[in-house]
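Work through the two exercises below with the sequence and the model open. Each task is followed by a stepwise solution.

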Amino acid sequence: MALLKPEDRKYTTPEDICMHLGDEYDKFCGAIVPPIFQNSLFVQHTEINGVPASGYYYTRDSNPTVDIVERKVAALEGADGAVCFGSGMAAISTAVLYCVSAGGHIILLSTSYGGTMEVVTKFLHDKFNIEYTLVDGDSTEEIEAAIRPNTQLICLESPSSIVFRMQDLDAVSAVAKKHGIKTVIDGTYGTPLHQQPLKHGIDIVCHTASKYLGGHSDIVAGVLSANEKIITDIQRTDRVLFGGIIDPHQAWLMLRGMRTLPIRLKQHGENGKKVAEFLENHPKVEKVFYPGSATYSQPELFNKYLSGTNGLMSFAPKGGQEAITKIVNSLHHFQHGCSWGGFESLCIPVPYSEVKDHGETHRVLRLHVGLENIDTLIADLAQALDKI
Ligand SMILES: *Cc1c(COP(=O)(O)O)cnc(C)c1O
């Protein structure tokens with residue numbers, strides 16, 4: 001049920017998928033917005049060969065509102081189907097657990113999201129004895145060299161969300177297939193609009209929908225997309241057993257957010273680009289990390305895999321931690337907070353003592369450039385940088 005329906009395939013552009021896939025006016029009394037099925041169970045009014053005519057039993061398994069948002073994401077990804085979860089971490093942990101078993105080994109990026117890192121290096125390793133190797137991921141040879149006879153999963157994140165390191169998805173998936181290893185990617189930065197990893201041979205793509213997919217900083221949700229076998233397996237076993245499904249109301253808000261995803265991302269990208277250029281030309285800034293900018297270190301991978309930028313970036317001001325603290329305390333229009341992908345501008349000093357990039361270490365401040373007036377945002381950054 002999380003699989004695309006044949007009629008969904010008539011929506012072929014991202015805008016039309018985001019706007020209209022799943023609108024069934026005849027079924028929903030002509031409502032322009034499909035309703036929230038805010039119910040736990042579905043009574044078995046009519047059965048055909050033991051299967052309820054509606055196809056629904058219980059919302060821990062599936063729900064019509066959840067189905068619509070899953071089909072929208074699947075269509076954007078070029079996947080057979082998708083399954084939604086109550087958080088990005090639920091989606092990622094489920095994908096990892098689906099791929100590994102006792103005695104296995106995981107190859108994980110050293111730049112992975114903190115939660116993913118903990119699932120693998122603490123939870124699975126310390127509690128279940130699953131082995132792991134951390135890699136930088138800059139070269140596919142390094143990843144291939146880390147493969148052991150018991151490797152079951154290569155877990156990618158491209159671009160990563162602080163220094164935006166990318167991996168060569170075609171090359172990594174080819175190596176993984178050669179060795180019979182599954183690949184999972186956290187593709188949150190790209191969103192299904194700007195990057196479609198399944199088209200490059202990756203087995204499962206995960207996103208948190210708490211960032212751009214939701215877009216309004218009012219939901220916590222996640223989604224994973226894959227081929228029919230994986231989606232059916234995960235829906236019938238992992239998701240229903242762990243009970244991690246998104247609730248119908250969050251799914252409805254995620255649908256609402258996705259209707260404006262193309263236009264929001266375009267504006268975040270324009271605003272982000274202007275801020276990145278401002279920072280790159282500022283005398284008190286040592287280094288800017290922003291995919292697609294003139295100084296971005298992996299332009300060939302960016303051009304190959306991503307079709308756009310957004311509002312997320314990091315920068316290292318001259319003066320290290322002291323300068324970062326002063327900037328955070330001086331900004332008025334960038335709130336100090338940890339998430340990103342909403343309408344609002346945010347800043348967060350990266351909690352790690354130093355960020356490593358190509359052997360260099362930096363102390364960085366991460367910015368999310370929101371949808372506020374761009375001149376207001378740049379003036380705010382200018383006055384804060386003046387204070388250091
Ligand atoms: C926020 C984030 C997550 C976690 O998502 P939640 O919805 O908060 O569970 C995972 N990966 C990346 C890259 C993130 O930014």
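**Exercise 1: Arg 165**

The side chain of Arg 165 reaches the side chain of Ser 297 in a polar contact of 3.1 Å. The model is predicted: local features need pLDDT of at least 70, side-chain atom pairs count only at pLDDT 80 or more, and totals for chains, interfaces and linings use all residues. Residues are numbered from 1 along each chain as its sequence is written, and side-chain values use heavy atoms, with hydrogens and water left out.

Task: state where Arg 165 lies, and whether Arg 165 is buried or exposed.

Step 1. Find the loop between strand S6 (151-157) and helix H6 (169-178); Arg 165 lies there. Helices (H or I, at least four residues) and strands (E, at least two) are DSSP runs, numbered from the N terminus.

Step 2. Arg 165 has a relative accessible area of 3% and is therefore buried (under 20%; exposed is over 50%, partly exposed in between; 1.4 Å probe, protein chains only).

Step 3. The Arg 165 side chain also makes a polar contact with the side chain of Asp 138, at 2.9 Å. Such a contact is a pair of N or O atoms within 3.5 Å; within protein, one must be able to donate a hydrogen and the other to accept it, and residues adjacent in sequence count only if both atoms are side-chain atoms.

**Exercise 2: the ligand**

Step 1. For Gly 88, a backbone N or O atom is 2.8 Å from a ligand oxygen.

Step 2. For Ser 210, a polar side-chain atom is 2.6 Å from a ligand oxygen.
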